[in-house]
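Welcome! Here is a friendly briefing on one protein model, arranged by topic. Please take a moment to look at the picture before reading on.

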Amino acid sequence: MIISIFSGSVVIHAQGGSISGRLWNDLNTNGAPDSGEPGIPNITIVLYNVSSGACQSVTTNENGDYAFTGLSLGDYRIYETAGETTPSPAACPPTESIANPNTSTVTLGSIADPQNFGSSTPNRIDVTLAGVDLTNQNFGDFHSPPFVTCPSDAFLTQNQPSDLYGVDLVTGNSTLFTNQWSTYTNGIGFNLLNNYVIGYDHTNQGRITVIDSDFNITSLAVQGLGDVKANAGDISIDGYLYLNKRGKNVWVVDVNPQRTTYLTLVRTDVLKARTEVADWAFNAVDGKLYGVSKTKHLIQVDLNTKDVTDLGDTGITDPYAFGAVYFDKNGYFYVSNNSTGKIYRIDLRDPNNLDPTATFFTQGPSTRKNDGARCVFAPTALLDFGDAPNSYGV
């Protein structure tokens, strides 16, 4: 018999051990429960026995506490979930959200945060119960409402500290969302798996930024990242932020809280050549990164082979860099010139026939200290196909 204290009460375990912890509102987003930070009640925590394949579940109490008792020794996974049932969850083990580039859809999993919350710690904890009760298996969340849907407008950060704009790629019109930040962020991308805009924090070393639908910005520490000063960034459909600084190094940060490596620098890739791009974006059609170099050439980056390929001259004559670039779900690539604000479009729909030629698309805002992000599953920018002669173009 083992006697332990949990939430001020004596718990008697008839056999085996216990696993307990707390789900709390991480008000200062430091990833550690501090005095005065409240718990989050009525959230389902699922325990998965790796050996037996069995699951059980409980809900957090008014203080955010949870406990599983009478457990056999062995390996377990603990999940913070949404929409699950107790005492047995509907999905065992709980499922991750998955993005499908073929259908441009995201299937939501049950590993998730409470409504209007984001994660300051992973939503999964792997443990081994080896004769000693495990305590403090905690989950931290912070108030941060995600975007409800995949937005069609592009996001643009500019200036230092950063201001946030929305850009309509068809009309070129921009809308100021906020100019109240004290943080300078760059290398941003849109995370399909939880609907946040995430980028590199230039103000605070070794951190990333999370932008929510209220246009608030939150800084989170990343284990192992350091001060990389990345200017190019985007997020793959499986939830990794790829950062670059015009050179060969690519810093890969896990921004998917459904994994145990969330908020960790999982690796640093070394490309075969420098990228020389001010921003890059993933093409959902072929999974490769694209940007425009200072010489106005279209650059392709294959993260599997580490190849950096110059695909040729875009034909653009605008000066300076293209610091904000975007894709739509069909493979059209939009590049915005910092100096002129002109937005050009390059047709990259066919991976076997990549033509670097850029066509002027619309007039957007000129900008500085900038970066762009867009939900890659958003549809092709809508155009009005009129009945003018073909010589007028689109």
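Rings of Phe, Tyr and Trp (its six-membered ring) count as an aromatic pair if their centres lie within 6.5 Å; planes under 30 degrees apart are called stacked, over 60 edge-to-face, and the rest tilted. The structure holds 15 aromatic pairs. This is a predicted model, in which local features need pLDDT of at least 70 and side-chain atom pairs count only at pLDDT 80 or more, while totals for chains, interfaces and linings use all residues. Residues are numbered from 1 along each chain as its sequence is written, and side-chain values use heavy atoms, with hydrogens and water left out.

**Aromatic rings**

- Phe147 and Phe215 form a tilted pair, 6.3 Å centre to centre with 50° between the planes.
- Phe147 lies in the loop between β12 (139-143) and β13 (154-158) and Phe215 in the loop between β18 (207-211) and β19 (217-221), so this pair ties together parts that are 68 residues apart in sequence. Strands here are DSSP runs (E, at least two residues), numbered from the N terminus.
- Phe147 counts as buried, at 11% relative accessibility; buried means under 20% relative accessible area, exposed over 50%, and partly exposed in between (1.4 Å probe, protein chains only).
- Phe155 and Phe177 form another tilted pair, with 6.4 Å between centres and 55° between planes.
- This pair links distant parts of the chain, with Phe155 in strand β13 and Phe177 in strand β15 (residues 174-178), 22 residues apart.
- Phe155 is buried at 4% relative accessibility, whereas Phe177 is partly exposed at 30%.
- Phe147, Phe155, Phe177, Phe190 and Phe215 form one aromatic cluster.
- At Tyr332, the charged end of Arg345 sits over the ring, 3.7 Å from its centre. For this, NZ of Lys or CZ of Arg must be within 6 Å of the ring centre and within 35 degrees of the ring normal.

**Strand β7 and its partners**

- Five of the seven residues of strand β7 (residues 74-80) are buried, so β7 is largely enclosed by the rest of the structure.
- Strand β4 (residues 44-49) pairs with β7 in the antiparallel sense over five bridges; two strands pair if DSSP finds at least two bridges between them.
- Tyr48 stands opposite Arg77 in β7.
- Strand β11 (residues 124-129) also runs antiparallel to β7, joined by six bridges, and Tyr76 stands opposite Val127 in β11.

**The largest pocket**

- A pocket is an open set of points, on a 1 Å grid over the protein atoms alone, where a 1.4 Å probe fits, with protein on both sides within 12 Å along at least five of seven lines; lining residues have an atom within 4 Å of a point.
- The largest pocket is lined by 32 residues, and Leu108, Pro146, Leu193, Asn194 and Asn195 lie nearest its centre.
- β10 (117-119) and β9 (105-107) each supply at least two residues of this lining, and β10 gives the most, with three.

**Backbone details**

- A cis peptide bond joins Cys92 and Pro93, with omega about -5°; Pro93 lies in the loop between β7 and β8 (98-100).
- Gln160 and Pro161 are also joined by a cis peptide bond, with omega about 0°.
- Asn136 has a positive phi of about 60° although it is not a glycine, and Asn136 is exposed, with a relative accessible area of 60%.

Definitions and conventions. Helix = DSSP H or I, 4+ residues; strand = E, 2+ residues; numbered from the N terminus.
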